[in-house]
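I opened this notebook to record what I looked up in the structure, starting with the fold and moving on to the charged side chains.

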Amino acid sequence: MDEHHDASGHHVSLRGRLDVHTVPDLRMVLHRIVDDGSDDLLLDLAECEIGDATGFGVIVECQRRARRGARTFCIVDADDRTHRLLRRARMSHLVGSVGSPVSAVTSAAG
């Protein structure tokens, strides 16, 4: 996991498998970012594989937590499988770039 700030927001890039074994550490980091910050949260999943329901659940949980905190949450990149999972869960609106109409929908409707 890599994390950094820039003018567009707080970036978190994940690599490897996101599953029941890796979620606890990620959950703590994402909760800290959402609770302590005010800028956009940008999650890069291009090099990450969602391995199970727990891995997908932490993304849903983070999106809901960000929405409650009036934060924009956006997945800036994801592999094809993750795109399909998000589409099936009716969450494909999370994938986009900050500043685009897609992210405006995320922060308003998420």
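My entries below go from the overall fold to the salt bridges and then to a charged patch.

Entry on the fold. I noted that this is a predicted model, and I then looked up its elements, finding four helices and four strands that follow the pattern β-β-α-β-α-β-α-α along the sequence. Of the 110 residues, 42% count as buried, and among contacts between residues at least 6 apart in sequence, 69% join residues at least 24 apart.

Entry on salt bridges. I found eight salt bridges in the structure, and I looked up three of them, including the one between Glu3 and Arg32, whose closest N and O atoms are 3.0 Å apart. That pair links strand S1 (residues 2-6) with helix H1 (residues 23-36), its partners being 29 residues apart.

I turned next to Glu47 and Arg15, whose side chains meet in a salt bridge at 3.2 Å, N to O; Glu47 lies in strand S3 and Arg15 in strand S2, so the pair ties together parts that are 32 residues apart in sequence. Glu47 is exposed, with a relative accessible area of 53%, whereas Arg15 is partly exposed at 46%. I also saw that Asp2, Arg15 and Glu47 are linked in a network of salt bridges.

The side chains of Asp35 and Arg65 meet at 2.7 Å, N to O, in a salt bridge, which links helix H1 with helix H2 (residues 53-68).

How values were computed
Residues numbered from 1 in each chain as written. Predicted model: local features only at pLDDT ≥ 70, side-chain atom pairs only at ≥ 80, totals over all residues. Heavy atoms only, no water. Helix = DSSP H or I, 4+ residues; strand = E, 2+ residues; numbered from the N terminus. Buried < 20%, exposed > 50% of the residue type's maximum accessible area, 1.4 Å probe, protein only. Contact = heavy atoms within 4.5 Å. Salt bridge = Lys/Arg side-chain N within 4 Å of Asp/Glu carboxyl O.
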